[in-house]
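Keep the picture in view as you read.

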Amino acid sequence: MGLFYQLQEVAAARTISQRGVLLIGTAHGNNLSTLLRNPELAPLVGGVQAVTLGDVEARASNRGHKVRLERAGAATFVTLLELQQRNRWHLHMDVEQSVDIMLGSSSAATAAAGQQQRGGQQHARQSPNTQIRCKDAAGRLMAGAATFV
C-alpha cells in the first residue's frame, strides 16, 4: 500500500500493476475528476489526451468541436474508492469506464446510460446504495453507505 506524491512513484505503481501484482494505494484528491486534472496523478486513472477530429467526425460525434478529450491509456487501478465523507463512499468498479464517461466518450456514455435491451424493452440499470460494515485497525465497527458505479 502506498501514497502517491511524485511522478516516479506513479511510474513505479504502473510498472508493478502491469506485472500482475495486486496494488493498493492512496492518492490525495477530492474525487476522480480532481485526479484527472492533476498531471502527476492522472496516469493512475489512465490520463487525459486531446485528440483532433476530422470535420465529418467532429460534426457527427462531438457537436462540431474539432478537439475531444480522451483517456490516454490503461488505468493503473481497476477499482477506485472515493471517500466523500466519514461514512460515505463512492465506488468506481471500472475506473476506465468511469473516466471515459467523465470525458464524454460516446461508447462509454452510451453504456453508462444504463440502458440494456431485454426483449425489446429498455430497462435502466440501478446503482444500488449499500450499507458497508467493517472493522478498523483498532477493532471498532465502522459502517457507511456506498454508491456503486
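Two strands count as paired if DSSP finds at least two bridges between them. Helices (H or I, at least four residues) and strands (E, at least two) are DSSP runs, numbered from the N terminus. This is a predicted model, where local features need pLDDT of at least 70 and side-chain atom pairs count only at pLDDT 80 or more, while totals for chains, interfaces and linings use all residues. Residues are numbered from 1 along each chain as its sequence is written, and side-chain values use heavy atoms, leaving out hydrogens and water.

Now find β5 (residues 80–85) and β6 (residues 88–92): they run antiparallel and are joined by five bridges. A hairpin of two residues links β5 to β6. Across the pair, Leu81 has Leu91 as its bridge partner, and Leu83 stands opposite Trp89. Four of the five residues in β6 are buried, meaning under 20% relative accessible area with a 1.4 Å probe, protein chains only.

Next, look at Val95. Its contacts (heavy atoms within 4.5 Å) include Val45, Phe77 and Leu80, leaving aside residues up to four places away in sequence.

Note on methods:
Buried < 20%, exposed > 50% of the residue type's maximum accessible area, 1.4 Å probe, protein only.
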